[in-house]
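This report describes selected features of a structure. Please consult the sequence and the model while reading.

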Amino acid sequence: MRSLLNHLILIAGVLFLASPLYLVLVSSSHGSSTLQQLGLQWLPGDQLTNNYLAVFKLASGFSRQVTVVEMLRNSLIVALGSALLTTLFSLLAAYAFVFVRMHAVRTLFWVSLLTLLFPLEARFVNTFQITATLGLINTHTGIVLPTLALALGTLFFRQNFKGLPAEIQEAAQLDSAGPIKFLIDIVIPMYWRCITVVFVIAFILGWNQYLWPLMISTDDSLYTLVRGIRLMGQESGPGMALLVITLLPPLMLLIMCQRWFAKVLE
Amino acid sequence: MASLELKNVQKTYPNGAIAVRGVDMEIDHGEFIVFVGPSGCGKSTLLRMVAGLEKITEGEILIQDKVVNDVTPADRDVAMVFQNYALYPHMTVRGNMSYGLKNRGFAKDEINKKVEDAAAMLRIGDFLDRQPNQLSGGQRQRVAMGRAIVREPKVFLFDEPLSNLDAKLRVQMRIEIKRLQRRMDVTSIYVTHDQTEAMTLADRLAVINDGRVEQMGAPMELYSNPATLFVASFIGSPQINLLPVKLSGQSLVSGDLSIDGFQDLPADKELVLGLRPDHLSLSADQAGSSNSALKIRVDIVEQHGADNVIYGELIGAGSSMDGEPVEFCVKTGQANIPDIESILDLHFDVADAMVFLKETGSRLK
Ligand SMILES: Nc1ncnc2c1ncn2[C@@H]1O[C@H](COP(=O)(O)OP(=O)(O)O)[C@@H](O)[C@H]1O
Ligand SMILES: [Mg+2]
């Protein structure tokens, strides 16, 4: 009885969380007029192929026409770049915090945690100035760089690395493995699941960025999918189709790595 | 030429804990040395200083006459076997054993040959392609030893390598380690808190207490001729029988007991009489010049097969070192199975009796 009730509660939760996804998916099969007059739709319509074809034909932008394929490319560059570099830097930082046994390094860990108190949104103005000074406005690099320091990733790696028995590090020392060999031969292969998890999270965060790319890029050619949604119009069929397309890559990545998430976070 | 030399080695941890208080020793090539002592006495710290895993606060460590204080663990050419095996979990047995050789730049063929030779010697040849989590505890320990062996180091270091194994396997592996060490002829230091392991493995053993070497010597020398009360009670199983006494004339007195035949001892000091369980016997003719002042009331008889160990309260004695009734223990042949509560006369040769100064623990006789 109890477990039935538990299941019902869980199923209700899943339905509640999944319903927006469903709404968007189903609505993307309706024409723009239906959406404008009647709002989001619960039942499938007949404009599915038309909408998706329209997305790829459509081009938008203020001064220049930017295609969906270009936006997809931009999103991928930004998300992949951000995820790769974020993972690399938080991995290296955590490695130093755990395996370099010096007091100064310990102190730096707490300093790095402090950055949690200053999210990008809270330091937009300064970050913008720095980025401008570096001449990175309207570049992919400018979009990616300020997102790199992910203190949570560092924290996550650190907590995991701390579980590595000290003897393994010592055995590696006796086996003539210096710090770089130890990182590459021992730590990375032992923790590749954690690395994947941080990578996926950073990818999704990078993919979903909206405000910062909006500030730092004025050139249409740098539009990401997330920004494109606004340009296509929320109450249009192709807009809904674009929304679905935008959701797909992070969703697929998440599904692919789901097993490791479960393993690492358990 | 000493293979390994410690000169006034000391260790104070950054938090102020003093773990090693000045250790001197010389170890010859091929010797099997065991550090034995209670937990927390500083054995591991000392071993880890030899390995280079712990900085040396004071003093010098020399390997083949070269001071190695500032040499990295890798360059000291020592190999270590850890209690928890410390195998690389993501590598196969072969990977674990070859990693150190690979890092030292050996050729692939040579590595394979060394690994396969060592694996055959340790009888883990069939597991070379397995991962550590597919092996039993004993097999993992063999792999850990294999990883040490293939390197052919100048010194082997073992830190309680058998503590995680069950009793039977422990005995088996103990014999194997001894055999292996003989065959390889590599200077070895082995740390354990288990005196049986220490006695059976060591060419020489160092009994360590509170960061100092209490005594160092061959196992039987330490057993028959301990320098201190600590060594006497740490070495030997069952433990030595101890009785706090005072000298009165030529007798040692405890409670109503008076034991004759002792000379040249300080009269005004508290003393401790020590008698090994195998120096006591139940009949007079087995001991030389027999003293039979002691009687016990039998409490427990342990039958070990070939021999029996009888425990009982010493009748008429004062209190023990911890203020309790004095328990004595006798080792006898398998035929002796006395009734519980029966009273037995104990005989011993005064020449076998040891006397310690209670205050300092130093041996007087
Ligand atoms: N890393 C450390 N920091 C501070 N104190 C330590 C450290 N390692 C060991 N000690 C202390 O040093 C003493 C000796 O420890 P250890 O050498 O591990 O003893 P053993 O191996 O004989 O059990 C103990 O009192 C222990 O608490
Ligand atoms: Mg220890």
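## A helix pair in chain A

In this predicted model, helix α4 (residues 68–99) of chain A packs against helix α13 (residues 225–232) of chain A at an angle of about 145 degrees, and their axes are 8 Å apart. From α4(A), the residues A:V68, A:M71, A:L72 and A:S75 take part in the contact, where they meet A:L225, A:V226, A:G228 and A:M232 of α13(A). Sorted by class, the contact of α4(A) with α13(A) has six nonpolar and two polar residues, and no charged residues.

## Chain B as a whole

Chain B contains nine helices and 19 strands. Along the principal axes, the C-alpha atoms of chain B fill a box of roughly 75 × 45 × 35 Å. Among the contacts in chain B with a separation of 6 or more, 67% are between residues 24 or more positions apart.

## Surface and charge of chain B

Chain B has 365 residues, and 52% of them count as buried. The accessible surface of chain B comes to about 16200 Å², and carbon and sulfur atoms account for 45% of this surface. The side chains of chain B include 39 positive and 50 negative ones, and the centres of these two sets lie 9 Å apart.

## A glutamate in chain B

B:E176 is part of helix α6 (residues 167–184) of chain B. Is B:E176 buried or exposed? B:E176 counts as buried because its relative accessibility is 10%, and the cut-off for buried is under 20%. Leaving aside residues up to four places away in sequence, B:E176 touches B:R123 and B:R142.

Methods:
Residues are numbered from 1 along each chain as its sequence is written. Chains are lettered from A and ligands numbered from 1 in the order in which they are written. This is a predicted model: local features need pLDDT of at least 70, side-chain atom pairs count only at pLDDT 80 or more; totals for chains, interfaces and linings use all residues. Side-chain values use heavy atoms; hydrogens and water are left out. Axes are lines fitted to C-alpha atoms, for helices over the stretch in contact, and angles run from 0 to 180 degrees between N-to-C directions. Helices (H or I, at least four residues) and strands (E, at least two) are DSSP runs, numbered from the N terminus. Contact means heavy atoms within 4.5 Å. Ala, Val, Leu, Ile, Met, Phe, Trp, Tyr, Cys and Pro count as nonpolar, Asp, Glu, Lys and Arg as charged, and the others, Gly among them, as polar. Buried means under 20% relative accessible area, exposed over 50%, partly exposed in between (1.4 Å probe, protein chains only). Accessible areas come from the Shrake-Rupley method with a 1.4 Å probe; for residues, only the protein chains shown count as cover. Lys and Arg count as positive and Asp and Glu as negative; His and the chain ends are not counted. The place of a charge is taken as NZ of Lys, CZ of Arg, CG of Asp or CD of Glu.
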